[in-house]
Amino acid sequence: MKEKLTSRDKQAQATKKKIYQVGIKLIQKYGLDGVNVTQIAKSAGISVGTFYHYYQSKLDLFMELYRKADHYYETELAHSLKEYPYPQNIYRFFEEYAELAVKNGVPLTQKMYIPENTLFTARTQGMHSVLETLVRDAQGCGLCKLKSTPQEIEKELFLIARGVIFDWALYEGSYDLKEKMRKMLTLYLKHA
């Protein structure tokens with residue numbers, strides 16, 4: 001049973017949410033290196049100390065994007081993907097991945113999809129483990145014929161997806177990202 005939130009708890013959640021929203025908007029506009037904690041705090045109408053109460057750094061705030069995505073994949077999407085047969089569950093997985101980029105918008109995506117952003121490769125949990133499980137289950141049932149390990153297939157699928165999203169951002173979101181994602185994944189998965 002969930003505990004009832006006090007007014008103080010609700011205020012804390014609202015403050016953290018505001019810091020996050022303001023911080024992400026500033027990062028979208030100026031890039032991670034183009035904004036500092038003082039600017040975020042001032043724009044959010046809080047003190048720098050309050051910022052540090054909720055986030056360890058601006059990178060920690062930026063990482064919240066990844067934590068939120070991983071949480072969504074682990075708690076909500078993983079269960080619904082089980083309703084889809086292979087490879088439709090893989091397409092659905094990456095349709096959601098593309099939707100995250102669309103929701104973040106072209107400017108933020110352009111700032112995220114750079115070689116210096118090692119956060120893509122440093123993370124192994126969350127959405128990565130969900131995808132690996134989907135592949136492992138499909139191989140176990142004989143549906144996925146790819147001979148690589150589930151970990152290798154997961155990495156290759158993310159390589160394709162990140163490449164498509166990078167291209168979409170490079171071309172200012174000028175095409176349907178989900179459609180292009182499906183097309184490129186089909187080229188890979190048709191051998192499965």
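**Notebook: aromatic pairs, core and pocket**

I began with the rings and found that the structure holds ten aromatic pairs, where rings of Phe, Tyr and Trp (its six-membered ring) pair if their centres lie within 6.5 Å, and where planes under 30 degrees apart count as stacked, over 60 as edge-to-face and the rest as tilted. I noted that this is a predicted model, in which local features need pLDDT of at least 70 and side-chain atom pairs count only at pLDDT 80 or more, while totals for chains, interfaces and linings use all residues. I also noted that residues are numbered from 1 along each chain as its sequence is written, and that side-chain values use heavy atoms, with hydrogens and water left out.

I looked up Phe-93 and Phe-158, an edge-to-face pair with 5.9 Å centre to centre and 80 degrees between the planes. Phe-93 lies in helix α5 and Phe-158 in helix α8, so this pair ties together parts that are 65 residues apart in sequence; helices here (H or I, at least four residues) are DSSP runs, numbered from the N terminus. Both Phe-93 and Phe-158 are buried, a word I use for under 20% relative accessible area (1.4 Å probe, protein chains only).

I then turned to Phe-94 and Tyr-97, which also form an edge-to-face pair, at 5.9 Å centre to centre and 85 degrees between the planes. They are three residues apart in helix α5 and so are separated by about one helical turn. Phe-94 is buried, with a relative accessible area of 0%, and Tyr-97 counts as buried at 6%. I found one aromatic cluster formed by Tyr-72, Tyr-73, Phe-93, Phe-94, Tyr-97 and Phe-158.

Last, I looked at the largest pocket, which is lined by 20 residues, with Leu-65, Ala-69, Leu-100, Ala-101 and Asn-104 nearest its centre. On a 1 Å grid over the protein atoms alone, a pocket is an open set of points where a 1.4 Å probe fits, with protein on both sides within 12 Å along at least five of seven lines, and lining residues have an atom within 4 Å of a point. The largest share of the lining, eight residues, comes from α5.

How values were computed:
Helix = DSSP H or I, 4+ residues; strand = E, 2+ residues; numbered from the N terminus. Buried < 20%, exposed > 50% of the residue type's maximum accessible area, 1.4 Å probe, protein only.
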